[in-house]
Amino acid sequence: MSNKSLALPHNELTILVTGGAGFIGSHTCIELLGQNYNVVIVDDLSNSSKIAVERIRELSGADENQLVFYECNILDREGLETVFSKHAIDAIIHFAGFKAVGESTQKPLEYYWNNVAGSLVLFDVARNHGVKNVIFSSSATVYGDPEMIPITEECPLHEATNPYGETKAMMERILTDFYRADSEWNVVLLRYFNPIGAHESGRIGEDPKDIPNNLLPYVAQVAVGKLERIGVFGNDYPTKDGTGVRDYIHVVDLATGHVAAIKYAAAHSGSIAINLGTGVGYSVLDMISAFSRAVGKEIPYTIDARRPGDIAECYADPKLAYDLLGWKAVHTLDDMCADSWRWQQQNPYGYSDKEA
């Protein structure tokens, strides 16, 4: 049973990263290992690759003890029991979950089952092993159609516009209730805006298994010739150029935010929600032109109908993250595009070495 203080030296602490082979998870593992934490990854590889784990090891120089990988689904109680029995886990960074907004509107049952029921299994096993420090991967979608822009943490939560967002809002409520019932729980809910970019080495990045759901991998796949053009969902929003405006944040900045959250949790207890964003809104057309600059050629696009569940604009007020975590995003839009393009060029088929 592990109830060690998170204030111990990093090399004496073990962080469980669920979904650690995924896009944000893999970058966060690199940052954790860079700060000398021990990392245990649990990932079922349903939307990720074992190669990502090998590359985390290669980039971090972590040995077998510092970085351990289990192929396991968070619904698999027995598998999780094994992990918690073998390792004295000090905190959990919980990324594992289905994350495609569009798909969630088609498969709500799968999304609620995996993201909510799976998380409950994970936290039940964790509690039985005395592990109650949680950094939760939440999302700005919990604000629904936000009442204020920029969005502060005081912004009321509205019904999310899709089941994916609803699973995040539910888990936030559930984790907050854990703390209300038992003050040993220590919960940091990180509400991400739109993560893009890739590790500057070009060795790890976003590798969507099917057609990408997010804008930037989509743009990158057009640039590399895998897809013909970008379909822009709607140009009749009340924004400067009619296309949706979002707060895009470099995935490495997002990853350092998680390390900052672990350090915060070491010194504070309770349940708190914190936005991780840049505070700047870019439109879809801004993004396409920035990526065109990175690639050195114009990227073709067409205007399609609006996508159900999308809102006009959404960007963060990241002040609380700076005040509490001492964290702020440092990468520019051009950095994000250059790093994404480097990953895409070096890995045109993602982690598989040939066309799927």
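Start by selecting residues 108-128, helix α5, together with residues 163-181, helix α6: in this predicted model the two helices pack at an angle of about 20 degrees, with their axes 9 Å apart. Angles under 35 degrees count as roughly parallel, and α5 and α6 are therefore roughly parallel to each other. Their crossing is right-handed. To see the contact, show side chains on both helices: α5 contributes residues including Tyr 111, Tyr 112, Val 116, Leu 120 and Phe 123, while among those from α6 are Tyr 164, Met 170, Met 171, Ile 174 and Phe 178.

Next, pick Ile 15, Leu 32, Val 39, Ile 41, Val 188 and Leu 190. These have the most contacts inside the largest nonpolar core, which holds 47 residues.

Which residues does Leu 190 touch? Leaving aside residues up to four places away in sequence, its contacts include Ile 135, Phe 136, Gly 257, His 258, Ala 261, Ile 274 and Leu 276.

Then move to Tyr 70, Cys 72, Leu 80 and Phe 84, which belong to a second, separate core of 26 residues.

For the last stop, select strands β12, β9 and β14, which form an open sheet in that order with mixed pairing. At the edges are β12 (282-283) and β14 (313-314), each pairing on one side only. Strand β9 (residues 245-246) runs parallel to β14 and is joined to it by two bridges. Zoom in on Arg 246 and you will find Cys 314 of β14 standing opposite.

Key: Residues are numbered from 1 along each chain as its sequence is written. This is a predicted model: local features need pLDDT of at least 70, side-chain atom pairs count only at pLDDT 80 or more; totals for chains, interfaces and linings use all residues. Side-chain values use heavy atoms; hydrogens and water are left out. Two strands pair if DSSP finds at least two bridges between them. Helices (H or I, at least four residues) and strands (E, at least two) are DSSP runs, numbered from the N terminus. A nonpolar core is a set of buried Ala, Val, Leu, Ile, Met, Phe, Trp, Tyr and Cys residues joined through side-chain atoms within 4.5 Å. Buried means under 20% relative accessible area, exposed over 50%, partly exposed in between (1.4 Å probe, protein chains only). Contact means heavy atoms within 4.5 Å. Axes are lines fitted to C-alpha atoms, for helices over the stretch in contact, and angles run from 0 to 180 degrees between N-to-C directions. Angles under 35 degrees count as roughly parallel, over 145 as roughly antiparallel, 65 to 115 as roughly perpendicular and the rest as oblique. A crossing is left-handed if the near helix is turned anticlockwise from the far one by less than a right angle, and right-handed if clockwise.
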